[in-house]
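Dear colleague,

Please find below the structure that I am handing over to you.

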Amino acid sequence: MQPPLDRTDVVRWLTPLLRQRTLLLPAARAQKPERKFRTQFGGRPTALRGERWPRCGRCHGALRFVCQVDYRHDALHEPRLEVAFITFFYCWECHPWGKEQGPARSWCVRAYPHAAEQEAIVLRSRAAPFTQHFVRARLGLSLPDAVGFERHCPELWAAVPGTSGSREAWANWDVVERAAGELQRAEDLSHPHTRNRGLALGGYPHWVNGPDETPDCGTCGQGMELLVQLSPSPMVDAEWGDVGTLYLFMCRVHINEVGLRIQCT
């Protein structure tokens, strides 16, 4: 029989894992409407002079614009990735899940280390854009989901144990989730397992159905950081599968190394 976890031990394991994250909440209008390099979902994307609309590496059709993030101003968490601005495009004809190898990608993240307004243009395509939505940023806290502890805290994973479906293990998970919810000041402590849900920059992902799929950088081999999490939201008209959540990752050192994952309920 697995011994019950002591909350004091759980808090000791969890506290060093706390990370800041930025939550993106609905806003009636752009926070800085005069700026082209602004955070928005849908609408028309911002690019630099000379850039063209990206195309799918498989079907060669035009990708659809999903969102852009003014990381320099709206990413409130620390430490944050060394990028000023990103745009994200996706192909719904090929519907990639992010594990494709090689240059024939059906999605595109453009990362800009610098964002000068005088170099900015607004791209247009023949396809109708998604409805434009704006957000405001709020600083929050984050801890790994239950499945993430195998990667981020093997000692806790072994103590539960995470590989067991026994009644004792479920009771231990309840202790872990309640402590985690309190530490990261989750708004809904009655459902602590949903504490990482939402539109977010940084922090830990909310893995909705499956293991922790954080990709490793193809250059240095280190685990990537969560760039953007796109949970189902009224601000995101784009959809992925059955109530899908899309995750974009980036290497902290090599910002051209990006990864994509999707999980559906």
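Which side chain meets that of arginine 151 in a salt bridge? The partner is aspartate 216, with 3.2 Å from N to O; a salt bridge is a side-chain nitrogen of Lys or Arg within 4 Å of a carboxyl oxygen of Asp or Glu. Arginine 151 belongs to helix H3 and aspartate 216 to the loop between E9 and E10, so the pair ties together parts 65 residues apart in sequence. Helices (H or I, at least four residues) and strands (E, at least two) are DSSP runs, numbered from the N terminus. Arginine 151 has a relative accessible area of 37% and is partly exposed, and aspartate 216, at 45%, also counts as partly exposed. Here buried means under 20% relative accessible area, exposed over 50%, and partly exposed in between (1.4 Å probe, protein chains only).

This is a predicted model, in which local features need pLDDT of at least 70 and side-chain atom pairs count only at pLDDT 80 or more, while totals for chains, interfaces and linings use all residues. Residues are numbered from 1 along each chain as its sequence is written, and side-chain values use heavy atoms, with hydrogens and water left out. The mean pLDDT (the predictor's confidence in each residue, from 0 to 100) is 92, and 97% of the residues reach 70 or more.

The structure holds 10 salt bridges. Among them, arginine 19 pairs with glutamate 225, the closest N and O atoms being 3.8 Å apart. This pair joins strand E1 (residues 19-27) to strand E10 (residues 225-230), across 206 residues. Glutamate 225 also forms a salt bridge with arginine 252, at 3.7 Å between the closest N and O atoms.

Strand E5 (residues 85-90) is mostly covered, with six of its six residues buried. Phe85, Thr87 and Phe89 point one way from E5, and Ile86, Phe88 and Tyr90 the other way. E5 runs antiparallel to strand E4 (residues 64-69), to which five bridges join it, and pairs in the antiparallel sense with strand E6 (residues 107-112) over six bridges. Two strands pair if DSSP finds at least two bridges between them. Cysteine 67 stands opposite phenylalanine 88, and tyrosine 90 opposite tryptophan 107.

In helix H5 (residues 167-183), the buried residues include Trp173 and Val176. The buried residues of H5 pack against helices H1 (7-14), H3 (149-152) and H4 (154-159), where contact means heavy atoms within 4.5 Å.

Yours sincerely
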